[in-house]
Amino acid sequence: MLVRPDLPEIPGLERVFIGGDWRDSIGGVPLDVICPGDEEFLTSVMAPSIADADAAVTAAREAFDKGHWPRMSVLERAKVCEWFADELEARFSRLNLAWMLESGASIAHGEMI
């Protein structure tokens, strides 16, 4: 899969993320992502199908019914949310660059958030 060199590395572009795993799509199709700023091709991503959405809903329901989250205390959930926020913040510069390229917004606009 071709990816424009200034696009940050993003794993799994050719697959769908369902139930905590990157999987091959069930009937999804590749979708080209074009930079609106210069109309150049950035990359292709897998556009999930209805079957992929159904599989994701099933996996989410199973994870909630059988997973740890509903049995965790508020403090445990807060720690997970804090970890997620830290991980998101650690990736902010790459996410901001991807946002800029995909949306045509300036880097400064993304950094305001």
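I started with a definition: a nonpolar core is a set of buried Ala, Val, Leu, Ile, Met, Phe, Trp, Tyr and Cys residues joined through side-chain atoms within 4.5 Å. Buried means under 20% relative accessible area, exposed over 50%, and partly exposed in between (1.4 Å probe, protein chains only).

The model is predicted, with local features needing pLDDT of at least 70 and side-chain atom pairs counting only at pLDDT 80 or more, while totals for chains, interfaces and linings use all residues. Numbering runs from 1 along each chain as its sequence is written, and side-chain values use heavy atoms, without hydrogens or water.

**Core.** I looked up the largest nonpolar core and got 5 residues: Val 16, Ile 18, Met 46, Ala 55 and Ala 59. Helices (H or I, at least four residues) and strands (E, at least two) are DSSP runs, numbered from the N terminus.

**Helix.** Which residues of α1 are buried? I found Asp 52, Ala 55 and Ala 59. Down the axis of α1, the buried residues fall within an arc of 60° (taken from the directions from the helix axis to the C-beta atoms), so they line one face of the helix. They pack against β1 and β2 (21-23), where contact means heavy atoms within 4.5 Å. Ile 50, Val 57 and Thr 58 are exposed on the other side of α1.

**Cysteines.** Cys 35 counts as buried because its relative accessibility is 6%. Cys 81, at 45%, counts as partly exposed.
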